[in-house]
Amino acid sequence: MNRNELEKSELLKDDSLTIKCDIMVIKDVDIDRTGANTAPFVVVPASDMIQHLSSLLQSTEGSDVTFEIGREIFAAHRCVLACRSTVFKGLLGSMNEGTTAGVVRIDDMEARVFKLLLGFIYRDSVPEKEAEDDDVMWQHLLVAADRYDLLRLRLICEQKLCTYINTTTAATILALAERHHGRGLKDACLDFLTRAHANLQEVTVLGGLDHLASTCPLVLKELIVKLVSPNKKARIDVNTAFVTVPASDMHQHFTHLLQSGEDTDVVFEVSGEKLHAHRCILAASDSMPDINEEEDMEEDEEKDDDVDDIEVTWQHLLVAADRYDLQRLRLMCENKLCGYINTTKVASILELAEQHHCRGLKEACLDFLNFPPNLQQVMAAGGLSHLSSSCPSVLIDLIAKLAYLKPSDEL
């Protein structure tokens with residue numbers, strides 16, 4: 001209607017126009033019917049890689065190296081140790097003196113310390129309940145971490161030892177930090193000694209400076225410099241200021257292990273291509289894909305103009321995840337495929353979801369079809385005919401979903 005017609009019509013009264021709108025409310029939550037906003041349907045859990053590796057260590061299944069510390073025996077897996085520690089990699093690669101028939105004897109370490117060290121390699125953490133609340137234990141563990149080049153464990157030990165610094169332990173911990181490259185711990189000790197004259201006086205009376213003079217005299221020079229510095233810092237929380245423990249890099253270690261092909265003991269031949277892997281890792285895990293796998297595929301998607309190929313890749317990966325019982329990977333695929341739901345693809349994705357036990361993806365598809373304009377386009381394209389022949393039971397679920405529409409909602 002043009003303006004002249006509108007001005008002459010009975011619809012316009014006192015220069016006002018009343019418009020009546022019929023609003024159809026689908027749900028009480030805001031959901032994008034294009035399928036882009038699908039968070040309520042599929043939730044990918046956090047990685048449980050550490051739990052699987054912890055179980056692998058406890059079960060000793062597939063272990064191929066044994067450590068003898070005192071009278072205790074610890075079984076482990078070469079590939080796990082090698083990818084986590086360059087020192088273990090060199091030791092196990094050469095099997096130098098002190099090793100026979102896959103047995104490595106360690107005489108200069110307590111069994112309880114090695115147990116915590118081994119546990120960290122598999123779990124990337126030190127359980128407080130297993131580590132005694134004892135500064136001596138943490139000192140021994142720091143020495144072991146430095147010996148086997150486990151940087152994150154060393155920083156964890158440094159951070160913990162910061163809480164044990166007092167006039168009795170300061171000199172000993174400072175000497176330890178100096179010998180084992182504990183920069184943050186060293187700064188915390190120096191800060192304690194210079195923060196208050198009473199601290200330094202008591203340490204001196206207890207013979208702490210004499211101990212430092214005989215073990216690491218150079219650190220006394222740094223202490224003097226700090227004492228005469230005009231820019232002394234105010235007291236701060238030593239737990240957070242001096243030592244920062246980085247986030248776990250365990251996934252990167254295993255990614256490198258896979259990419260390097262080192263120490264592999266099983267080969268898969270798929271479509272003429274050979275893929276090398278590690279038996280113990282495969283056996284331990286039901287959800288250990290490369291953590292960057294989804295990011296890598298997204299990068300490929302940005303580079304590839306053929307989005308359909310990427311979607312098909314996710315479908316195939318979902319089928320493989322279901323086949324090998326990789327639950328977390330299957331949920332990752334479901335979550336990704338929710339973003340591909342549209343009137344053209346919804347029928348095939350719904351069929352896939354029904355065949356491979358993907359409840360969240362199935363609900364996302366049904367919710368998309370529950371919007372009448374979407375359903376009409378799918379019907380016109382023959383999507384429902386396809387479903388009636390491939391998995392008719394899913395049409396019952398669709399009917400149940402549609403039954404909740406009010407008569408006024410129907411088009």
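Helices (H or I, at least four residues) and strands (E, at least two) are DSSP runs, numbered from the N terminus. The model is predicted, so that local features need pLDDT of at least 70 and side-chain atom pairs count only at pLDDT 80 or more, whereas totals for chains, interfaces and linings use all residues. Residues are numbered from 1 along each chain as its sequence is written, and side-chain values use heavy atoms, with hydrogens and water left out.

**View 1. Gly93 in helix 4.** Gly93 belongs to helix 4 (residues 86-94). Gly93 is exposed, at a relative accessible area of 65% (buried means under 20% relative accessible area, exposed over 50%, partly exposed in between; 1.4 Å probe, protein chains only). Between the C-alpha atoms of Gly93 and Arg78 the separation is 8.9 Å, the two residues being 15 residues apart along the chain.

**View 2. Helix 8 and helix 11.** Helix 8 (residues 170-179) packs with helix 11 (residues 208-215) at about 20 degrees, and their axes are 9 Å apart. Axes are lines fitted to C-alpha atoms, for helices over the stretch in contact, and angles run from 0 to 180 degrees between N-to-C directions. The two helices, helix 8 and helix 11, are therefore roughly parallel (angles under 35 degrees; over 145 is roughly antiparallel, 65 to 115 roughly perpendicular and the rest oblique). From helix 8, Ala171, Thr172, Leu174, Ala175 and Arg179 meet Gly208, His211, Leu212 and Thr215 of helix 11. By class, this contact of helix 8 with helix 11 holds 4 nonpolar, 4 polar and 1 charged residues (Ala, Val, Leu, Ile, Met, Phe, Trp, Tyr, Cys and Pro count as nonpolar, Asp, Glu, Lys and Arg as charged, and the others, Gly among them, as polar).

**View 3. Helix 14 and its surroundings.** In helix 14 (residues 250-260), the buried residues are Met250, His251, His253, Phe254, Thr255 and Leu257. These buried residues of helix 14 pack against helix 2 (49-59), helix 3 (78-84), helix 5 (111-123) and helix 15 (279-284), where contact means heavy atoms within 4.5 Å. Gly261 follows helix 14 and has a positive phi, near 75 degrees.

**View 4. Helix 19 and helix 22.** The axes of helix 19 (residues 346-355) and helix 22 (residues 383-390) cross at roughly 20 degrees and come within 9 Å. Ala347, Leu350 and Glu351 of helix 19 make the contact with Gly383, His386, Leu387 and Ser390 of helix 22. The contact of helix 19 with helix 22 comprises 3 nonpolar, 3 polar and 1 charged residues.
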